[in-house]
Amino acid sequence: MTEPRVRPDPAFALLGLYESALPEVYGYLLARCGERVLAEELTSETFLGAVAACRRSQAPPVSTAWLIGVARHKLADHWRRKAREERGLRLVHEPETAHDPWDTELDALRARQVLESLGAHHRAVLTLRYVDGLPVAEVAACLERTVTATEALLTRAKAAFRHRYEEKGGRDD
């Protein structure tokens, strides 16, 4: 009678890399979030997610660079959760008739100059959404991105636009 072969746990590949990768992953996260406790929490989530990924049938090759990629996704997930929570809190605390002066009080020439000064990805998402008037789902399809990724890009693009618009002020650069 033959004994069944025991397959080693594929997650053991992480064990050899853990000591050298841990400071890299933690440093990456700390530099981006600036909060020690949050960086520790996200580092833990990164390694737990990596273990789960290693145990799948189509497991990726394990490396520090791959772990940094997993950490990047964990950080993005954290930021999305935080943005959703903040949006929810704003909706609870703001009156429904809140007026955003940005909707109507833009100088068209300055807005066009600022839009042209932005990076291509920001210019594209803002143009499709606000100049062409497409809903976010259609913008996402045009840019071949997910709706969630498009919403995040739109948020960053609006922030960049506002910053440049206010920075430009009355100057004609």
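The structure holds one salt bridge, a term used here for a side-chain nitrogen of Lys or Arg within 4 Å of a carboxyl oxygen of Asp or Glu. This is a predicted model, in which local features need pLDDT of at least 70 and side-chain atom pairs count only at pLDDT 80 or more, while totals for chains, interfaces and linings use all residues. Residues are numbered from 1 along each chain as its sequence is written, and side-chain values use heavy atoms, with hydrogens and water left out.

Side chains of opposite charge can pair when their charged atoms come close. In this model the side chains of Arg 36 and Glu 40 meet at 2.9 Å, N to O. Both residues belong to helix α2 (residues 36-54), where they are four residues apart, about one turn of the helix; helices here are DSSP runs of H or I with at least four residues, numbered from the N terminus.

The table gives relative accessible areas, where buried means under 20%, exposed over 50%, and partly exposed in between (1.4 Å probe, protein chains only).

| Residue | Relative accessible area | Class |
|---|---|---|
| Arg 36 | 51% | exposed |
| Glu 40 | 37% | partly exposed |
| Arg 32 | 44% | partly exposed |
| Ala 140 | 1% | buried |

**Arg 32 in α1**

Arg 32 lies in helix α1 (residues 12-33). When its neighbours within four places in sequence are left aside, Arg 32 is in contact with Leu 75 and Trp 79, contact being defined as heavy atoms within 4.5 Å. Arg 32 and Leu 75 are 43 residues apart along the chain, and their C-alpha atoms are separated by 8.5 Å.

**Where α5 meets α6**

The axes of helix α5 (residues 120-131) and α6 come within 9 Å and cross at roughly 140°; such axes are lines fitted to C-alpha atoms, for helices over the stretch in contact, and the angles run from 0 to 180 degrees between N-to-C directions. That angle makes α5 oblique to α6, because angles under 35 degrees count as roughly parallel, over 145 as roughly antiparallel, 65 to 115 as roughly perpendicular and the rest as oblique. From α5, the residues Ala 124, Val 125, Leu 128 and Arg 129 meet Val 136, Val 139, Cys 142 and Leu 143 of α6. The residues of this contact divide into seven nonpolar, no polar and one charged, where Ala, Val, Leu, Ile, Met, Phe, Trp, Tyr, Cys and Pro count as nonpolar, Asp, Glu, Lys and Arg as charged, and the others, Gly among them, as polar.

Ala 140 is found in helix α6 (residues 136-143). Not counting residues up to four places away in sequence, Ala 140 touches Arg 145, Thr 146, Val 147 and Thr 150. Between Ala 140 and Thr 150, ten residues apart in sequence, the C-alpha to C-alpha distance is 5.5 Å.

**Where α5 meets α7**

The axes of α5 and helix α7 (residues 147-168) come within 9 Å and cross at roughly 100°, and the two helices are therefore roughly perpendicular to each other. The residues of the contact of α5 with α7 divide into eight nonpolar, three polar and three charged.

Apart from its neighbours within four places in sequence, His 122 is in contact with Leu 153, Arg 156, Ala 157 and Ala 160.
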